[in-house]
Amino acid sequence: MNRRLDNSIKRIAALGHYNKPENVEGTIKLDSNENFALDREFVAGVAAEAARQVDLREYPLDQLEDLYSRLAKYSGVNEKCVAAGSGSDQIIELLLSTLGGGRATVFAPTFSYFINRCELHGIKVDQVPLKRDFTLDKKAFVKSARKSDLVYICSPNNPTGNQIDKQEAIDVIDSLESRLVLVDEAYVDFADYSLSADATKRNNVIVLRTLSKAFGLAGARVGYMVANEKFVRTFRSTIQSPYPISTLSLAIASGVLARADHIRKTISTVKRERGRVFGRLAKIDGIKTFRSDANFLFIEAGRNYQPISKALRSSGIVVKMLGNVAGHRGCMRVTIGTREMNDKFLQCVEGSL
Ligand SMILES: Cc1ncc(COP(=O)(O)O)c(C=O)c1O
């Protein structure tokens, strides 16, 4: 084999990568931050209607425009400021390959997929530790960001669940005008603020959003971005491929967005459940649960990590086991599911200690 190709493949094979969670039939799945509070029948009904409407023999032509206008309405921005992709993962990929530059700054811990993709594209990643309570060390972050081409802010942050203070985020963005700031708002529907409208008025900010979480469409693979009109025009025409989302997924996405009121109701249910689960966990001695603005909670279980992990496994409850994270011992991330799923999780944790 050609030496250069051989070395490239070796370098790539040694990189960190996303490990897809194992799918075990019959388990209570609280590991991927999907939205099970949204009824399966509701999504299936929209999908069945979409399947009847579309003609899969044709390329998707007008359906993207319809989606842009619904996404814009939901996000409160002009439809010229919205573009879509096959999941926000694919949009991240395109932005890194076209605008990534040589160096990125992220705070840590954060969404590991983003770091992995930077490394794949040869982008060096500076990781600035969050404070112990997962708030931002603004001074250290800006100092590192000033040396970078690209800055990533996950808001709310995966895996910690919190949003950084809004004014702090805006201050960071405005002090980095010559750098591209990607604000990943995959969980923003469960949070207090979005920077979508702020992004449309600036030249250096792209907000990434998705229908995979609150909208219950992880399997349909529909993500979107909000940015200023000029950049969105270039993204749509030249960076994004002509047909990034299947006609069926486009029709399903539009169908669910047309019922956004129902989604808003389930978002309220998830937020209420988040408060309830947090309250119950906060009463348990020996574990610490962090405040969350997302549809999941970050728990530091310390020496109770093994007993909890064993009890969850034997009850068929799957959460994301993270181990030690940024000086916190025995951590896990648990999705807020239906009341019934959450109760099973709580009973299992309470019974294991
Ligand atoms: C922070 C964050 N960004 C992006 C994504 C990817 O979302 P999508 O399904 O739209 O590719 C995820 C999924 O877990 C996520 O946690």
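This is a predicted model: local features need pLDDT of at least 70, side-chain atom pairs count only at pLDDT 80 or more; totals for chains, interfaces and linings use all residues.
User: With which residue does the side chain of E340 meet in a salt bridge?

Analyst: Side chains of opposite charge can pair when their charged atoms come close. Here the partner of E340 is K344, and the distance from N to O is 3.7 Å, which is inside the cut-off of 4 Å that a salt bridge requires.

User: How many residues apart are E340 and K344 in helix α13?

Analyst: They are four residues apart in that helix, so about one helical turn separates E340 from K344. Elsewhere, salt bridges with shared partners join four residues, E273, R276, R339 and D343, into one network.

User: Which residue forms a salt bridge with R339, and how far apart are the closest N and O atoms?

Analyst: R339 forms its salt bridge with E273, and the closest N and O atoms of the two are 3.4 Å apart. When you read such a pair, look also at where each partner sits: R339 belongs to helix α13 (residues 339-352), whereas E273 belongs to helix α11 (residues 260-282), so that the pair links distant parts of the chain, 66 residues apart.

User: How many salt bridges does the structure hold?

Analyst: The structure holds 22 salt bridges. One of them is formed by K29 with E34, whose closest N and O atoms are 3.1 Å apart, and both K29 and E34 are buried.

User: Where does the polar atom of N158 that lies by an oxygen atom of the ligand belong, to the backbone or the side chain?

Analyst: For N158 a polar side-chain atom is involved, and this atom lies 2.9 Å from an oxygen atom of the ligand. For S88, by contrast, a backbone N or O atom lies 2.7 Å from a ligand oxygen atom, and for D89 a polar backbone atom is 3.0 Å from an oxygen atom of the ligand. As for the ligand's surface, taken alone the ligand exposes 400 Å², and the protein buries 90% of that.

User: Which residue does a cis peptide bond join to A108?

Analyst: The angle to read for a peptide bond is omega. P109 is the residue joined to A108 by a cis peptide bond, with omega about 5 degrees, and P109 lies in the loop between β3 (103-108) and α5 (112-120). The peptide bond from N158 to P159 is also cis, with omega near 20 degrees, and P159 is placed in the loop between β5 (150-154) and α7.

User: What is the phi of F134?

Analyst: For F134, phi is near 70 degrees, which is a positive value in a residue other than glycine. F134 is found in the loop between β4 (124-129) and α6 (138-145), and this residue is buried because its relative accessible area is 2%. A326 has a positive phi as well, near 45 degrees, and is likewise a residue other than glycine. A326 is in the loop between β11 (317-325) and β12 (328-335), and it counts as exposed, because its relative accessibility is 51%.

Technical notes
Residues are numbered from 1 along each chain as its sequence is written. Side-chain values use heavy atoms; hydrogens and water are left out. Buried means under 20% relative accessible area, exposed over 50%, partly exposed in between (1.4 Å probe, protein chains only). Helices (H or I, at least four residues) and strands (E, at least two) are DSSP runs, numbered from the N terminus. A polar contact is a pair of N or O atoms within 3.5 Å; within protein, one must be able to donate a hydrogen and the other to accept it, and residues adjacent in sequence count only if both atoms are side-chain atoms. Accessible areas come from the Shrake-Rupley method with a 1.4 Å probe; for residues, only the protein chains shown count as cover.
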